[in-house]
Amino acid sequence: MGKLACRLSGHAVDRRRVWHDGLSFRTRCDSCNAPLIRDREGWRKFDFEKDPSKHRSGHPVTGEIV
Ligand SMILES: [Zn+2]
């Protein structure tokens, strides 16, 4: 259900879980739990091919990099 909603209207940014990794603001989709990143255009899905960087640190609580 959540993923269909994401395809139709975009991911549901979970603003309560936003954190900063040193380069960008990050959170997860409230519907499908996909990792999201905010760039100059706005929120989008984290791109595992292009987005990982040594300048990003893990989540302050969980240590996850996504
Ligand atoms: Zn989603």
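Helices here are DSSP runs of H or I with at least four residues, strands are E runs of at least two, and both are numbered from the N terminus. Read from the N terminus, the elements of the protein chain run α-β-β-β-β. That makes 1 helix and 4 strands.

A word on the source. This is a predicted model, in which local features need pLDDT of at least 70, side-chain atom pairs count only at pLDDT 80 or more, and totals for chains, interfaces and linings use all residues. Residues are numbered from 1 along each chain as its sequence is written, and side-chain values use heavy atoms, with hydrogens and water left out.

Start with the overall shape. The C-alpha atoms of the protein chain fill a box of roughly 35 × 25 × 20 Å along the principal axes. The radius of gyration, taken over C-alpha atoms, is compared with a globule rule of 2.2 Å times the number of residues to the power 0.38. For 66 residues, a compact globule would come near 11 Å, and the protein chain has 12 Å, which agrees. Of those 66 residues, 29% count as buried. Buried means under 20% relative accessible area, exposed means over 50%, and partly exposed lies in between (1.4 Å probe, protein chains only).

Now the metal. The zinc ion has four protein donors: Cys6 (SG), His11 (ND1), Cys29 (SG) and Cys32 (SG). They lie 2.1 to 2.4 Å from the zinc ion. Donors are N, O and S atoms within 2.8 Å of the metal (3.2 Å for Na, K and Ca); water is not among the atoms, so sites may look incomplete. The 4 donor atoms subtend angles of 103 to 116°, so the arrangement is tetrahedral. In sequence, the donor residues are spaced C-x4-H-x17-C-x2-C. His11 sits in the loop between helix 1 (2-9) and strand 1 (19-20), and Cys32 in the loop between strand 2 (25-28) and strand 3, so the pair ties together parts 21 residues apart in sequence. His11 is partly exposed, at 32% relative accessibility.

Move on to strand 3 (residues 35-39), where Leu36 is found. Leu36 is buried, with a relative accessible area of 1%. Contact means heavy atoms within 4.5 Å. Beyond its neighbours within four places in sequence, Leu36 is in contact with a list of residues including Val13, Phe25, Trp43 and Phe46.

Technical notes. Four donors count as tetrahedral if all angles lie between 85 and 135 degrees; four count as square planar and six as octahedral if opposite donors are over 155 degrees apart and all others between 65 and 115; anything else is irregular.
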